[in-house]
Amino acid sequence: MALFDKLGETLVNASRDVSQKAKDLSGTAKLTLDIRSKQDQVQKLYAEIGRQYVEEHKEDDPAAYEEMAQIKELLTAIEDMKKELLDLKGAKVCPRCGEEVQATDAYCKCCGAKIEDDDIVVDAVVKEAPEASEETAEVTEAAQDTDITEEAFED
């Protein structure tokens, strides 16, 4: 019987060791993931600070910061490529909400704004830019909804 007791005790101790090592690994993995998450947040904040700085100083002397001139060139190139891409897709961007709509659409499928033929707005910042106050947006929305309703009755 002593053999079985000793064997049982050995198995219990081994299972405790395995359980503790699993907890340690789990804790290590969780901490590593938490560290990486915090590092990602820091990188995003750095990028946001840089974006804000560029926006505040975009009219400054470009010779002061070579990177600022590069950013301006890249943003111009991006806008040109977006226009070209929209042309290839036969689409345009809603001037009100920034959603992509077909070039033949008369109204935006997302917000209902009337799309004029001369509305060729390509601005990636439309969706990312901070919106006006909600109250202003509601007033604008109500005014545009009224215009749409009146136009519908005119036909």
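**Close-up views of a predicted model**

**View 1. Lys89 and Glu100 are joined by their side chains in a salt bridge, 3.1 Å from N to O.** Lys89 belongs to helix α2 and Glu100 to strand β2, so the pair ties together parts that are 11 residues apart in sequence. Helices (H or I, at least four residues) and strands (E, at least two) are DSSP runs, numbered from the N terminus. A salt bridge here is a side-chain nitrogen of Lys or Arg within 4 Å of a carboxyl oxygen of Asp or Glu. By this rule the count comes to three salt bridges. Lys89 is partly exposed at 45% relative accessibility, and Glu100 is partly exposed at 32%. Buried means under 20% relative accessible area, exposed over 50%, and partly exposed in between (1.4 Å probe, protein chains only).

This is a predicted model: local features need pLDDT of at least 70, side-chain atom pairs count only at pLDDT 80 or more, and totals for chains, interfaces and linings use all residues. Residues are numbered from 1 along each chain as its sequence is written, and side-chain values use heavy atoms, with hydrogens and water left out.

**View 2. Lys30 and Asp34 form a salt bridge, 3.0 Å from N to O.** Both residues sit in helix α1 (residues 2-56). They are four residues apart, about one turn of the helix. Lys30 is exposed, with a relative accessible area of 53%. Asp34 is partly exposed, at 32%.

**View 3. Glu48 and Arg51 meet in a salt bridge, 2.6 Å from N to O.** The two are three residues apart in helix α1, so about one helical turn separates them. Glu48 is partly exposed at 30% relative accessibility. Arg51 is partly exposed too, at 43%. Side chains of opposite charge can pair when their charged atoms come close.

**View 4. A nonpolar patch lies on the surface, formed by Ile71, Leu74, Leu75, Ile78 and Met81.** Together these residues have about 450 Å² of accessible area. Areas come from the Shrake-Rupley method with a 1.4 Å probe; for residues, only the protein chains shown count as cover. Patches are made of residues with over 30% relative accessible area and no salt bridge: like charges are joined within 9 Å, nonpolar side chains (Val, Leu, Ile, Met, Phe, Trp, Tyr) within 5 Å. Met81 lies in helix α2 (residues 66-89). Met81 counts as exposed, at 52% relative accessibility.

**View 5. Lys92 is in strand β1 (residues 91-93).** Lys92 counts as buried, at 8% relative accessibility. A polar atom of the Lys92 side chain lies 3.2 Å from the backbone oxygen of Glu116.

**View 6. Ala103 lies in the loop between β2 (100-102) and α3 (125-128).** Ala103 is partly exposed, with a relative accessible area of 36%. Not counting residues up to four places away in sequence, Ala103 touches Gly90, Ala91 and Lys92. Contact means heavy atoms within 4.5 Å. Ala103 and Ile115 are 12 residues apart in sequence and 8.9 Å apart in space, C-alpha to C-alpha.

**View 7. A search of the whole structure finds zero disulfides.** Cys97 is in no disulfide; its nearest cysteine sulfur, that of Cys108, is 3.6 Å away. A disulfide is a pair of cysteine sulfur atoms within 2.5 Å. For Cys111, the closest cysteine sulfur is in Cys94, 3.7 Å away and too far for a bond. Cys111 is partly exposed, at 21% relative accessibility.

Conventions: A polar contact is a pair of N or O atoms within 3.5 Å; within protein, one must be able to donate a hydrogen and the other to accept it, and residues adjacent in sequence count only if both atoms are side-chain atoms.
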